[in-house]
Every structure is written in C-alpha cells, then in structure tokens.
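Subject: Structure for your review

Dear colleague,

Please find the structure below, with the findings set out after it. Please read the two side by side.

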Amino acid sequence: MTVSFSLCRAQKEARRRQVRGVRAGEGDPRWRRKARGASTARARTSRKTQKTTRLTPTLSACLAMTWYPALMNCTPTIQPSFLHDFAITERYAIFPEIQIVMKPMDMVVGGGSPVGSDPGKVPRLGVIPRYATDESEMRWFEVPGFNIMHSVNAWEEAGGEELVLVAPNVLSIEHALERMELVHACVEKVRINLRTGAVTRTPLAAGNFDFGVINPACLGRCNRYGYFGVGDPMPKIGGVAKLDFDRAGAGDCTVARRDFGPGCFAGEPFFVADDVEGDGNEDDGYVVCYVHDEGTGENRFVVMDARSPDLEIVAEVQLPGRVPYGFHGLFVTQAELRSQHQ
C-alpha cells in the first residue's frame with residue numbers, strides 16, 4: 001500500500017509539473033530566483049498597465065480640448081501652399097509658396113473646399129540644390145504679391161550667384177479657384193541674388209498670358225523666347241503670344257501674336273523644334289495647339305510658324321473629336337516613340 005501510494009503521488013506530481021510547464025531542474029535555487037524575478041517583472045508590468053489605463057482618459061480629454069475647438073473653427077496654425085508647378089536650373093530647383101493654401105479640415109468639418117486662399121500669407125520662393133540630401137539646404141525668399149501656378153523657365157547668371165525665373169503672376173489670386181473668368185496673369189521676370197538675398201521683379205507684358213512654353217532644349221538654361229496662351233478669359237485661350245525676354249525693362253515684350261477668331265478657343269500651346277530644316281536658332285520651329293470652334297463644333301490641330309511676326313498658320317488638321325480646354329500635353333517625335341519600343 002505504501003509503495004502504491006508513493007507511486008500515485010509521484011505520478012500526480014509529474015502531471016502537475018507538465019501542466020505548469022515546469023522543466024527538469026526546477027529544484028535548482030537559481031531557477032527559483034529566475035522565477036521570482038519573472039513574477040516581479042510581471043507585477044511591475046501590471047502596475048504600469050494599470051497606471052497607463054488610468055491616465056489614458058485624461059490624455060484623451062486633453063487632446064480633445066486642445067484640437068476640437070481648432071477643428072470647429074477651421075483655423076489651423078499652418079496651412080501648406082498648393083503646389084502645382086516648379087522650375088529648375090542646372091544646379092537648383094525653385095519651389096513657389098503662394099497664397100492658395102490647402103484647407104482639408106474645411107472639407108472634413110464643414111463640407112467645404114479643401115483648397116482656398118489666404119490673403120495674409122506672404123508668397124515666397126524656395127531655392128534648393130537639385131542634389132540636396134534633405135530640406136535643411138532650402139533657402140526662402142519673400143516675394144510679396146507673387147503667386148504663380150505655372151513656371152516657364154529658370155536659369156543661372158553671374159556665375160551662379162543669381163537665379164532668373166520667368167512665370168505668369170496671378171494678380172487676382174482670390175478668383176483662381178472659383179471665378180477663373182476674373183483671373184488676370186501678368187508674366188514677370190524675377191531675379192534672385194543668392195549672395196545678398198535681394199529679389200527684383202520686371203513685368204514682361206500687360207496681357208492676360210499663361211500656359212507658357214519654350215523650346216524644350218532650353219529648359220533650365222538662359223533662353224530668349226516664350227509662347228503663351230492668351231486668356232479670353234481664362235481658362236479659355238483665344239490666341240497665342242510670343243514674348244522676347246531680352247526686352248525686359250524696355251516695355252511690353254510681346255513680339256508676335258495670333259488670335260483664333262470669335263468663338264474659337266484653344267488648349268495650351270506647345271513648341272516643336274524644327275530639327276530637319278531648321279538652322280538651330282531657339283525659335284526655329286512651330287507652335288502647335290488644339291482649337292475648338294464653339295459656334296460650329298469643329299475641332300482642328302493648328303500648326304504655326306514660331307518665327308513669323310504674326311505666328312502664321314502653316315497647317316491645320318481637322319479632328320474627329322474635341323480636346324477639352326485646360327488639358328496638358330506633350331509632343332513626342334517619331335524617333336522618341338521608336339526609342340520607347342527598343
């Protein structure tokens with residue numbers, strides 16, 4: 001009986017150890033110290049969890065009290081600018097910070113537009129090396145009243161000490177989002193001195209010009225000519241104007257213009273260099289765009305001589321359908337298309 005009883009107790013103890021997951025050698029005092037340490041750690045963790053749980057409601061309440069009034073009033077402390085375009089030179093990139101700002105909480109809380117205007121914001125231009133490793137290399141230059149949606153070109157002068165930017169400045173920025181027909185864009189030439197921080201501006205034309213393009217070979221380098229859509233009003237383009245940037249400071253720089261006629265409006269123009277019969281001049285090529293006749297419903301692809309004094313139309317192609325106003329495009333040559341298939 002004694003032996004049988006002892007065996008039963010041994011079996012029960014072995015089973016109990018298996019259930020508890022106790023390993024062989026648990027009788028070692030070192031194991032008991034480890035076990036006590038683990039129990040102590042669990043107890044500390046439990047107390048921390050309880051403390052965190054007790055603090056969580058208070059923290060949530062603080063966050064609610066801090067943010068809820070701001071959300072309801074829709075007055076965030078920082079409103080990022082709407083960035084639609086930027087410019088590059090050989091060594092720098094230029095980013096505009098304008099008075100059109102992002103207001104996502106207006107949409108979330110009040111059901112309004114996520115984009116709006118901030119008349120109190122001072123426009124700036126940010127200049128950063130093209131191969132900068134982080135944003136710490138960005139330099140900001142205030143340019144009051146300078147709101148650009150599209151850049152035309154930028155380049156370096158004076159041995160890289162000065163940057164020149166050509167871009168249409170939207171004068172009536174408060175209408176840029178909802179009343180486009182009231183928008184007037186004035187093309188300006190902005191010069192930034194990186195050494196002194198001085199910024200100077202020169203208007204190039206009084207007309208309502210936007211959607212400017214240049215010879216793509218001149219991108220980021222000093223160039224002379226630009227071709228702009230004539231707002232009639234924006235976003236409808238009633239013609240194309242050619243500006244000579246070298247005339248800056250001597251009055252209106254418009255040297256050629258083509259109007260498409262009553263009821264005829266175009267999309268943005270594009271410059272195509274004449275690489276076959278051209279002589280290599282910057283303006284040796286063609287200005288092309290889509291034109292829609294709102295009276296007849298006809299649509300055509302128009303080709304203009306970029307060097308002629310009135311941007312003479314040298315070819316037209318009737319189109320089977322209409323390309324909507326405001327579309328951005330890219331002209332690709334046959335050689336470039338073939339290279340994509342190789």
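A residue is called buried when its relative accessible area is under 20%, exposed when that area is over 50%, and partly exposed in between. By that rule Ala 250 is exposed, because its relative accessible area is 66%. Please keep in mind throughout that this is a predicted model.

Ala 250 sits in the loop that runs between β13 (237-244) and β14 (254-259). Its C-alpha atom is separated by 9.8 Å from that of Thr 202, and the two residues are 48 residues apart along the chain.

Salt bridges

The structure has 17 salt bridges.

One of the pairs is Arg 191 with Glu 157, where the closest N and O atoms are 2.6 Å apart. Arg 191 counts as partly exposed because its relative accessible area is 25%. Glu 157 is also partly exposed, at 25% relative accessibility.

Arg 195 pairs with Glu 161, and here the closest N and O atoms are 3.4 Å apart. This pair too links distant parts of the chain, 34 residues apart, but from loops: Arg 195 is in the loop between β9 and β10 (199-203), and Glu 161 is in the loop between β7 and β8 (162-170). Arg 195 is exposed, with 60% relative accessibility, whereas Glu 161 is partly exposed, with 30%.

Arg 307 forms a salt bridge with Asp 283, with 3.6 Å between the closest N and O atoms. The partners are 24 residues apart and again join distant parts of the chain: Arg 307 lies in the loop between β18 (299-305) and β19 (313-318), and Asp 283 in the loop between β16 and β17. Arg 307 is partly exposed, since its relative accessible area is 39%. Asp 283 is buried, since its relative accessibility is 8%.

Beyond these pairs, salt bridges link Arg 224, Asp 244, Asp 246 and Arg 247 in a network.

Cysteines

How many disulfides does a search of the whole structure find? The search finds zero. A disulfide would need a pair of cysteine sulfur atoms within 2.5 Å. For Cys 222, the closest cysteine sulfur belongs to Cys 218 and is 8.7 Å away, so the distance is too far for a bond. Cys 186 is buried, because its relative accessible area is 12%.

Pocket and cavity

The largest pocket has a volume of about 830 Å³. Its lining is made up of 30 residues, and those nearest the centre are Val 213, Ile 214, Pro 216, Phe 270 and Leu 330. Which strands each supply at least two residues of this lining? They are β1 (87-88), β11 (209-213) and β16 (270-273). The strand that gives the most is β16, with four residues.

The structure holds one cavity of 30 Å³ or more, and the largest cavity has a volume of about 40 Å³. The residues that line the largest cavity are Phe 265, Ala 266, Gly 267, Tyr 290, Val 291, His 292, Asn 299, Arg 322, Val 323 and Tyr 325. Two strands, β15 (264-266) and β17 (285-293), each supply at least two residues of that lining. Of the elements, β17 gives the most, with three residues.

Surface patch

On the surface, Met 107, Val 108 and Val 109 form a nonpolar patch, and together they have about 260 Å² of accessible area. Met 107 is part of helix α3 (residues 104-110). With 44% relative accessibility, Met 107 counts as partly exposed.

Regards

Technical notes: Residues are numbered from 1 along each chain as its sequence is written. This is a predicted model: local features need pLDDT of at least 70, side-chain atom pairs count only at pLDDT 80 or more; totals for chains, interfaces and linings use all residues. Side-chain values use heavy atoms; hydrogens and water are left out. Patches are made of residues with over 30% relative accessible area and no salt bridge: like charges are joined within 9 Å, nonpolar side chains (Val, Leu, Ile, Met, Phe, Trp, Tyr) within 5 Å. Accessible areas come from the Shrake-Rupley method with a 1.4 Å probe; for residues, only the protein chains shown count as cover. A salt bridge is a side-chain nitrogen of Lys or Arg within 4 Å of a carboxyl oxygen of Asp or Glu. Buried means under 20% relative accessible area, exposed over 50%, partly exposed in between (1.4 Å probe, protein chains only). On a 1 Å grid over the protein atoms alone, a cavity is a set of points where a 1.4 Å probe fits but cannot get out, and a pocket is an open set with protein on both sides within 12 Å along at least five of seven lines; lining residues have an atom within 4 Å of a point. Grid points are joined across faces, edges and corners, and a volume is the space filled by probe spheres set on the points.
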